[in-house]
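User: I would like to learn how to read surface and side-chain features from a model. Please take me through one, feature by feature.

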Amino acid sequence: MSQLLNYIENTTRENAVSEELEDIQEMVDVVKEDAEVTVAYVKGFERDQMFLEEGKRTGKGEYSKREESGRCRKTPGGRRETES
């Protein structure tokens, strides 16, 4: 189990120290070389970034409205909470 965890944290051929991990490394190599997978990953990453930015814009607007209406308060620890 510790070999698997080490491999997951540091996915390199050197850390593929068992037959099972070598098989996984072969699959990783195939996926890394597949251009379609790379394109799909980049598109997905860009889409996620777009949603994240939109969420930040939308969330800030909603937070500001709650703050102005008094439905937002700071907790003793300095964190802000909003009421529904």
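**Reading the features**

Analyst: Start with Phe-45, which is partly exposed, with a relative accessible area of 45%. Keep in mind that this is a predicted model.

User: What share of the protein's residues count as buried?

Analyst: The protein has 84 residues, and 11% of them count as buried.

User: Next, the fold. How many helices and strands does the protein have?

Analyst: There are three helices and two strands. Going along the sequence, the order is α-α-α-β-β. Helix α2 spans residues 19-33, and helix α3 spans residues 35-69.

User: How many aromatic pairs does the structure hold?

Analyst: One. The rings are those of Tyr-41 and Phe-45, with centres 6.4 Å apart and planes at 20°, so the pair is stacked. The cut-off for stacking is planes under 30 degrees apart.

User: Where do Tyr-41 and Phe-45 lie?

Analyst: Both lie in helix α3. They are four residues apart, which is about one turn of the helix.

User: Now salt bridges. What is the general idea?

Analyst: Side chains of opposite charge can pair when their charged atoms come close. This structure holds five salt bridges. Let us take some of them in turn.

User: Which side chain does Asp-29 meet in a salt bridge?

Analyst: That of Arg-13, with an N to O distance of 2.3 Å. Asp-29 sits in helix α2, while Arg-13 sits in the loop between α1 (2-9) and α2, so the pair ties together parts that are 16 residues apart in sequence.

User: Which residue forms a salt bridge with Lys-56?

Analyst: Glu-53 does, and the closest N and O atoms are 3.8 Å apart. The cut-off for a salt bridge is within 4 Å, so this contact qualifies. Glu-53 and Lys-56 are three residues apart in helix α3, so about one helical turn separates them. Glu-53 is partly exposed at 38% relative accessible area. Lys-56 is also partly exposed, at 42% relative accessibility.

User: Which residue forms a salt bridge with Asp-48?

Analyst: Arg-47, with the closest N and O atoms 3.6 Å apart. Asp-48 is partly exposed, with 43% relative accessible area. Arg-47 is partly exposed too, at 44% relative accessibility.

User: On to surface patches. Which residues make the nonpolar surface patch?

Analyst: Met-1, Leu-4, Leu-5, Ile-8, Ile-24 and Met-27 make a patch of about 620 Å². The elements giving two or more residues to this patch are α1 and α2.

User: Which element gives the largest share of the nonpolar patch?

Analyst: Helix α1, with three residues. Take Leu-5 as an example: this residue is in helix α1 and is partly exposed, at 47% relative accessibility. Leu-4 is in helix α1 as well, and at 33% relative accessibility counts as partly exposed.

User: How far is the C-alpha atom of Leu-4 from that of Asn-15?

Analyst: The two C-alpha atoms are 8.8 Å apart. Along the chain, Leu-4 and Asn-15 are eleven residues apart.

Technical notes:
Residues numbered from 1 in each chain as written. Predicted model: local features only at pLDDT ≥ 70, side-chain atom pairs only at ≥ 80, totals over all residues. Heavy atoms only, no water. Buried < 20%, exposed > 50% of the residue type's maximum accessible area, 1.4 Å probe, protein only. Patch = residues over 30% accessible without salt bridge, like charges linked within 9 Å, V, L, I, M, F, W, Y side chains within 5 Å. Areas by Shrake-Rupley, 256 points an atom, 1.4 Å probe, with all protein chains shown as cover. Phe/Tyr/Trp six-rings, centres within 6.5 Å; stacked < 30°, edge-to-face > 60°.
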